[in-house]
Amino acid sequence: MTGRCNLKTFRAIAMISAALTVSAGMAAAADDVTSDQILRALAPKKPVTRGLSMAPPTEPAVNAAEGKFVDSLRNRNSRSLSAVEREQIAEIAQTKPKIDLEITFDYNSASISKRALPAVEALGKALSNDDLKGSTFVVAGHTDGVGGEAYNQDLSERRADAIKRYLTEKYGLTGADLVTVGYGKNKPKDTANPMDPANRRVQVVNIANKTTASK
């Protein structure tokens, strides 16, 4: 009798363990970013209409100035941007559709790691979609807080440029539609923990969608 009980207990434990293993695998797969997720995150925001509670429209002069600034960024590399221009890009990006991607690089280099290729390829597919194609995107490189400021600034710029190069060469995206900028360690995602690996990321922002750009 005891032997049968032990056997039943063993089988029950085995079944629970198997179920947990399958669940863990599904959770890990769900963490991988897809082109659809990127597409949804970068889709232009639809205006909200709520009658009298609606905020006043943005001044045309502001839109014109922003558009002129974005146009001035085309065909420039990240090293050519001044600190003032980098901050201006960050300010505009605050209200735009964006997504943070954990794209890893080889140690102390701007070479995209093999582990990060699926995320970069998902980004390429999303930006090639007709719903986004023709928009202007900012590809912003960020590092964690390890190391000096000048070193991290240079590294973040080279890594942003590496993403742009991959997207233009493999997916045929127009280089002028991809604005690269590096922020080094100055804009951590987790401000309370600057050394956190989560701060090593590439942020993609739809800074000017094709509908707005055509107006």
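**Reading a predicted model**

In this predicted model, the protein chain exposes about 13,100 Å², of which carbon and sulfur atoms supply 56%. Buried residues make up 36% of its 215 residues.

Q: What makes the pair Asp 161 and Thr 180 a polar contact?
A: The side chains of Asp 161 and Thr 180 are joined at 2.7 Å. The cut-off for a pair of N or O atoms is within 3.5 Å, so the pair counts as a polar contact.

Q: Why is Asp 161 said to have no salt bridge?
A: The nearest side chain of opposite charge, Arg 79, is 5.4 Å away. A salt bridge needs a side-chain nitrogen of Lys or Arg within 4 Å of a carboxyl oxygen, so Asp 161 has none, although it is buried.

Q: Where does Asp 161 lie, and which residues beyond its neighbours within four places in sequence does it contact?
A: Asp 161 lies in helix H6, residues 149-171. With those neighbours left aside, Asp 161 is in contact with Ser 78 and Thr 180.

Q: What makes a set of residues a nonpolar core, and which members of the largest one touch the most others?
A: The members must be buried residues of nonpolar-core types, such as Ile and Leu, joined through side-chain atoms within 4.5 Å. The largest such core has 27 residues, and Ile 103, Leu 127 and Ile 163 touch the most other members. Its largest share, six residues, comes from H5.

Q: Which residues does Ile 103 touch, not counting those up to four places away in sequence?
A: Ile 103 touches Ile 112, Ala 116, Ala 119, Val 120, Ile 163 and Val 202.

Key:
Residues numbered from 1 in each chain as written. Predicted model: local features only at pLDDT ≥ 70, side-chain atom pairs only at ≥ 80, totals over all residues. Heavy atoms only, no water. Helix = DSSP H or I, 4+ residues; strand = E, 2+ residues; numbered from the N terminus. Buried < 20%, exposed > 50% of the residue type's maximum accessible area, 1.4 Å probe, protein only. Lys, Arg positive; Asp, Glu negative; His and termini not counted. Polar contact = N/O pair within 3.5 Å; in protein donor to acceptor, adjacent residues only side chain to side chain. Contact = heavy atoms within 4.5 Å. Areas by Shrake-Rupley, 256 points an atom, 1.4 Å probe, with all protein chains shown as cover.
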